[in-house]
Amino acid sequence: MPFACIHVPNFILQAALRVEPGLRSRPAGIVDGTPPLVTVIAKNKNAGLLGLEIGMTKSQAEQIPGVQLRRRSIAQETAAHAALMDLALSFSPRIEEAAADTIVLDLEGLAQLFGSFENLAVRLAARAKKFGLSVQVATGSNPEVAQLAARGFSGVTVLSPEEESERLGQLPIAALNPSEEIRETLERWGVRTCKALAALPSAQLSERLGQEGIRLQELARGTNQRALIPAQTAARFEEAMELDTPVRELEPLAFLLGRLLDQLCGRLSARTLATNEIRLRMQLEPGEEEIFGIVDNVSIRKKGPTPSSLPSIYEHALRLPLPMRDSKALLRLWRLHLESHPPVSPIVKIEMTAEPAKTRVAQPGLFTPLSPDPEKLEITMARAGHVVGEANIGAAESVNTNRPFSFRMRRFDPAAAASDDDEAASLPAGPFCLLPTTALRVFRPAMPTKVETRERAPVRVFFGSVWGEVRAASGPWRTSGDWWSSDPWNQDEWDLEIEFPAPAIQAPGHFARRAENGVSRGVYRIVRERSSGNWFVRGVYD
Amino acid sequence: MYIELHARSAFSFLEGASLPETLAARAAELELPVVALLDRDGFYGAPRFHHAALKSKTRAHLGAEVTSTGGFRYPLLVKTREGYQNLCRLITRMKMRAAKNEGCISAEELAEHASGLVCLTGGEEGPLAAALERGGIKNGIESVRELCTIVGRENVYVELQRHLHREEEARNQSAIEIARKLRLPLLATNGVSHATRIERQVLDVFTAIRHHVPLEAAGRLLVRNSERHLKSPGRMARLFADLPEAIAQTQELSSRLKFTLEDLGYEFPKYPVPEGETQDSFLRQRTIEGMIARYGANDGKARRQIERELALIEKLELAGYFLIVWDIIRFCCEKNILVQGRGSAANSAVCYSLGITAVDPVGMDLLFERFLSEERHEWPDIDLDLPSGDQRERAIQYVYERYGKFGAAMTANVITYRGRSAAREAGKALSFDLETLDRLTGLVSAWEFKDDDDTFVRHFRDSGFDVEHPRIKKFLELCIRMQDLPRHLGQHSGGMVICKGQLDSVVPLEPATMPGRVVVQWDKEDCADMGIVKVDLLGLGMMAVLEETIEIIHDHDREDVDLARLPANDPVVYKTLQKADTVGMFQIESRAQMSCLPRLRPARFYDIVVQVAIIRPGPIVGKMVHPYLKRRTGREPVQYPHPSLEPVLARTLGVPLFQEQLLRMAMIAAGFTGGEAEELRRAFGFKRSEVRMKEIEKKLRAGMMREGIAPDAQEMIVKSITSFALYGFPESHAASFALLAYASAYLKCHYLAAFTAAMLNNQPMGFYSPATIVKDAQRHGLKIK
């Protein structure tokens with residue numbers, strides 16, 4: 001049964017370089033520890049050339065000119081490991097998390113898909129590059145062989161069963177990761193390579209080193225047989241970035257967000273998934289208020305007072321009507337949101353989480369009218385919301401209340417609206433309606449008016465510059481409610497047929513019909529607020 | 001003249017917002033001469049409405065909105081007694097086969113019980129509205145025709161309601177068309193759900209509670225406006241100015257509704273007596289037999305008292321009642337179930353002779369009139385204490401068997417909104433978060449005893465809430481308005497009503513939650529008001545202990561102990577009581593009792609009676625304990641609030657301790673009649689409203705003013721009456737309890753092992769944990785392995 005292993009050498013450094021690719025070509029190192037004892041724990045080749053050593057203190061390292069030092073970030077390492085898992089899962093459904101920097105893949109049946117194991121290994125390494133990771137890949141007949149080869153040989157290594165023991169034999173004993181005691185013993189015996197260890201007689205080795213010695217020998221021979229331990233593959237798409245220098249402006253923030261979104265979308269794409277919700281959580285620098293903003297495409301900063309009650313976390317979830325994974329479109333949405341809701345202080349840490357969702361299947365029907373591209377529609381809606389306010393955009397929806405003409409704005413979702421229509425069409429015919437159905441054009445807001453009454457019923461209504469005579473009246477129709485809230489209502493509605501002298505007046509009279517004898521008539525809904533006694537024209541019947 | 005013929009009270013359980021009394025009082029204010037009460041699926045509020053109407057000099061018609069299988073409700077009005085009985089039976093049939101608050105009737109069932117009933121076409125929940133919505137005017141006509149077939153053409157009225165809704169008016173227009181086409185009379189009603197406009201808010205809260213949603217989310221479940229209140233005849237005439245015939249018809253229909261609850265038709269069952277005997281002669285024989293056993297043949301005083309009581313019983317035709325209670329006692333004796341009457345029955349020598357009670361009223365000079373008086377026109381109240389658990393259930397099942405499934409039932413217990421429950425539900429409806437809700441309800445005292453200053457507003461202000469904040473203000477308003485409104489119907493712990501023939505034609509019956517139990521729709525006060533006989537079969541843990549102790553003594557010591565023949569004035573018992581060594585003894589074991597016993601130093605039976613009655617919230621709050629103890633030890637002179645009260649208060653050294661004394665005080669000091677005094681007692685009973693209490697208090701003060709009692713004395717009398725009437729013990733009741741206390745003390749002193757074993761077998765009961773009981777027994781030398 002063939003296996004492959006992906007190993008990320010110098011994982012701690014690579015996790016940092018993944019979110020800051022600019023550092024790759026420059027001398028860089030990672031420091032960790034509790035001050036004052038902060039030491040170098042990882043470095044790249046260029047830094048080594050300048051004299052940076054593992055174990056140096058931070059202050060020693062800072063003496064070397066040109067070396068970029070970064071703090072170790074567990075969040076970045078977790079994200080890098082998750083990316084490695086996504087990479088492996090995009091090839092094989094059965095994988096083992098051997099270590100944070102090492103993943104073993106079961107290749108059973110994959111040769112048919114990828115042509116050859118060599119081809120597969122090369123593609124694994126290439127895709128890892130896209131994920132911002134430089135990896136070593138090896139294949140072997142069992143998980144241990146693949147792992148040893150991936151850790152021991154750089155680049156891509158494809159081992160056939162016949163050559164496994166020979167190739168592994170070249171590796172030093174340290175590749176087997178023996179205990180210190182055994183390593184010293186083997187050193188004393190002059191056993192320095194796997195080949196030498198493999199050649200020792202097993203019985204005698206067992207007498208001297210016990211079962212651990214036998215295990216190491218089996219590893220060295222490439223004959224250690226064990227089953228793969230499949231990893232639990234909970235889909236968690238999270239990327240994070242800790243910033244040594246707080247970000248104070250929107251442009252650089254957008255740049256960093258773009259990078260995180262690229263990583264997330266790449267990982268989603270590797271799993272053939274998309275997202276319908278992206279959550280952003282930013283840690284803000286405490287004690288300083290700086291308002292982000294953009295005027296005429298120029299970022300501005302405005303220093304403000306520094307109240308102690310400022311929030312230290314900025315959080316928002318971007319909910320999408322349809323699953324998406326276009327990082328550019330997502331970035332645009334985030335930019336629009338941040339422009340209208342800027343954070344109040346500089347940012348020191350960014351965490352971004354994507355909720356995975358199945359990618360949408362777009363199969364337009366032959367006779368279905370084309371709907372706008374969801375990504376574009378979402379951006380257009382966000383832009384419009386930015387201008388008119390998010391509460392004022394969407395589709396109107398009636399509210400469960402007796403308050404007349406109440407509605408609220410629902411998120412505009414053409415797909416859901418279409419399915420609502422379908423549902424409505426499939427419902428049986430509604431109950432018998434006793435009221436005649438006629439259209440009422442509602443004036444929003446209602447027009448204040450003056451009304452003359454006789455025995456509590458309206459007889460004349462004032463429209464702009466002209467009084468209309470009430471010819472027929474129906475009412476009052478009384479509603480009241482929300483008495484427990486700060487916004488109760490209590491009103492009487494009247495349906496009035498009103499006659500205006502010719503010529504027909506403008507405004508609401510615009511809807512009045514011209515009668516034959518030269519006067520205009522219309523049927524209006526007039527409302528009296530019982531608390532204030534004020535009258536309003538609420539609408540006109542067609 | 002307009003008459004309101006469709007009103008719902010709060011007894012429609014969360015579908016109406018006013019008590020029947022409030023409706024009746026408001027009707028009187030509005031000069032509405034008659035109102036018809038149609039609660040949902042029952043006559044729950046009928047007795048209270050009937051009495052309130054009598055009081056406010058209006059008339060009450062009765063009916064019910066009965067749920068149909070079609071999902072709508074038939075508004076049915078009662079024309080005659082037959083109609084009332086039919087409706088009771090119909091509702092019983094519906095209730096008995098369904099789960100609580102469910103159940104409905106079919107058109108065929110209505111047709112079977114239609115005689116004597118009038119059916120309206122209803123408002124938005126009525127049959128016509130449902131038909132119109134289903135299929136327009138054609139369906140509407142069919143539905144009204146069907147109603148005509150069911151109840152008869154002359155008993156169908158096309159109902160019109162005007163709450164200023166467009167849809168309702170459109171329905172009205174269809175209804176008018178149908179009425180004209182079928183030549184049926186139109187009838188204007190207002191479909192009343194609350195007495196005044198403001199109570200609409202309570203109705204909305206109830207709707208939210210009923211649908212388990214907060215007000216904010218209730219939306220269209222709530223009513224559209226506040227028009228469902230009682231309106232004056234003038235206002236209704238203006239609303240129906242275009243249809244004067246609909247207004248006129250209300251009077252015509254009202255004149256056809258002859259039935260009132262005065263004409264209930266309840267008869268107490270007759271006890272089957274042997275040939276040649278009458279109820280009275282049979283009772284006399286049993287009483288005389290008992291008298292000879294209790295007093296001997298030559299006790300002239302007892303004989304005179306019994307003769308006096310028998311004469312009154314005969315005059316009031318109550319012999320059957322006594323025989324039936326005697327029958328239950330006889331059953332219990334046959335089955336070896338310990339039973340003892342308590343309450344005012346202990347005032348009667350006949351009850352003592354019949355073995356119903358165990359206190360000798362002649363010896364103790366108890367007041368017979370507290371039990372039975374010619375003036376009160378009501379059935380006597382006999383409460384029987386039985387061992388709690390299976391033994392009591394056997395007695396209850398015996399009554400069911402004896403009088404048939406529909407001949408006996410338990411009385412209901414109307415659960416009303418009290419401080420805490422009102423606060424909790426109002427808070428939920430107003431969407432208070434759980435933390436605030438807990439804080440708010442925590443403020444409302446669970447202890448229902450309140451002084452004048454103990455108001456919601458004061459509590460909230462003291463706890464730092466801003467009572468002027470609109471939401472808190474609204475919450476407080478709602479809590480206050482919801483007070484005393486019924487929430488649901490429960491079962492009384494032991495009250496049973498018995499009827500000759502079918503009880504289900506007197507009052508609708510419902511299944512209780514406990515299998516095999518049936519409850520009536522009225523509580524015990526309502527039953528008493530309607531003259532329905534009630535016997536309380538109450539479970540008492542101590543009875544079970546006594547019963548078991550006697551059994552153990554019989555089995556192990558081969559000794560028979562008869563509770564009725566325990567040696568009186570046993571010195572060991574009194575010595576123990578004086579030492580307050582009373583762990584496990586009935587009624588005198590609490591720490592408060594223990595602290596009082598060495599000061600009161602009981603030396604005779606009547607001292608135990610006082611001891612039982614004195615450590616109660618009434619005397620404690622009324623500050624009567626210390627004066628009594630001081631007077632008893634001679635450290636304070638015996639004084640009376642007013643010289644006229646001396647005969648009443650002499651035996652308790654001028655300090656009122658018993659309920660009877662308070663009633664007598666009201667009668668003497670304020671000139672109350674016996675009936676009024678009884679009304680006072682009831683007004684201050686557990687379940688009655690504060691409004692009623694205030695009314696009575698006013699009357700009491702006015703009476704005392706008339707009698708020329710000084711303001712200080714007035715204050716003292718009012719205070720003792722108001723603090724006492726709720727928690728004060730009747731003397732006879734205290735005497736019955738004192739007897740049990742003495743019995744338990746006697747058994748504990750002389751048969752400690754058996755008594756302790758029985759106590760432990762009947763846990764949980766009493767004041768102390770089993771560990772304390774065991775430790776106490778060990779302290780008294782009992783070896784426990």
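# Close-up views of a predicted two-chain model

View 1. On the side of chain B that touches chain A, the elements giving two or more residues are helix H5 (127-151), helix H6 (166-182), helix H7 (200-210), helix H8 (215-218) and helix H20 (470-482) of chain B; helices here are DSSP runs (H or I) of at least four residues and strands are DSSP runs (E) of at least two, numbered from the N terminus. This is a predicted model, in which local features need pLDDT of at least 70 and side-chain atom pairs count only at pLDDT 80 or more, while totals for chains, interfaces and linings use all residues. Residues are numbered from 1 along each chain as its sequence is written, chains are lettered from A and ligands numbered from 1 in the order in which they are written, and side-chain values use heavy atoms, with hydrogens and water left out.

The contact, meaning heavy atoms within 4.5 Å, takes 22 residues from chain A and 35 residues from chain B. About 2300 Å² is buried between the two chains, and carbon and sulfur atoms give 56% of it; buried area is the accessible area (1.4 Å probe) that two parts lose on being put together, summed over both. Of the area that chain B buries against chain A, B:Leu164, B:Arg166 and B:Arg220 supply 33%, more than any other three residues.

View 2. Three salt bridges are counted between chain B and chain A, a salt bridge being a side-chain nitrogen of Lys or Arg within 4 Å of a carboxyl oxygen of Asp or Glu. A:Glu493 is joined in this way to B:Arg166, with the closest N and O atoms 2.9 Å apart. A network of salt bridges links A:Arg478, A:Asp492 and A:Arg530 with B:Arg197, B:Glu227, B:Lys231 and B:Arg235. Over all chains, the structure holds 83 salt bridges.

**View 3. The salt bridge of A:Arg530 and A:Asp492.** The side chains of A:Arg530 and A:Asp492 meet in a salt bridge at 3.7 Å, N to O. Because A:Arg530 lies in the loop between strand S22 (520-529) and strand S23 (535-541) of chain A, and A:Asp492 in strand S20 (residues 489-500) of chain A, the pair ties together parts that are 38 residues apart in sequence. A:Asp492 counts as buried at 5% relative accessibility, whereas A:Arg530 counts as partly exposed at 27%; buried means under 20% relative accessible area, exposed over 50% and partly exposed in between (1.4 Å probe, protein chains only).

**View 4. Two salt bridges within chain B.** B:Arg180 forms a salt bridge with B:Glu245, the closest N and O atoms lying 3.1 Å apart. B:Arg180 belongs to helix H6 of chain B and B:Glu245 to helix H10 (residues 244-256) of chain B, so the pair ties together parts that are 65 residues apart in sequence. B:Glu245 is partly exposed, at 33% relative accessibility. In the other pair, B:Arg8 and B:Glu15 have their closest N and O atoms 3.8 Å apart; B:Arg8 is buried at 11% relative accessible area, and B:Glu15 is buried at 6%.

**View 5. The surroundings of B:Thr250.** B:Thr250 sits in helix H10 of chain B and is buried, with a relative accessible area of 0%. Its C-alpha lies 5.5 Å from that of B:Ile3, although B:Thr250 and B:Ile3 are 247 residues apart in sequence. Apart from its neighbours within four places in sequence, B:Thr250 is in contact with residues including B:Met1, B:Tyr2, B:Leu5 and B:Leu187.

**View 6. The surroundings of B:His163.** B:His163 is placed in the loop between strand S6 (156-161) and H6 of chain B, and is buried, with a relative accessible area of 1%. The side chain of B:His163 reaches the backbone oxygen of B:Asn190 at 2.7 Å. Neighbours within four places in sequence set aside, the contacts of B:His163 include B:Glu168, B:Gly191, B:Asn225 and B:Arg228.

Methods
A polar contact is a pair of N or O atoms within 3.5 Å; within protein, one must be able to donate a hydrogen and the other to accept it, and residues adjacent in sequence count only if both atoms are side-chain atoms.
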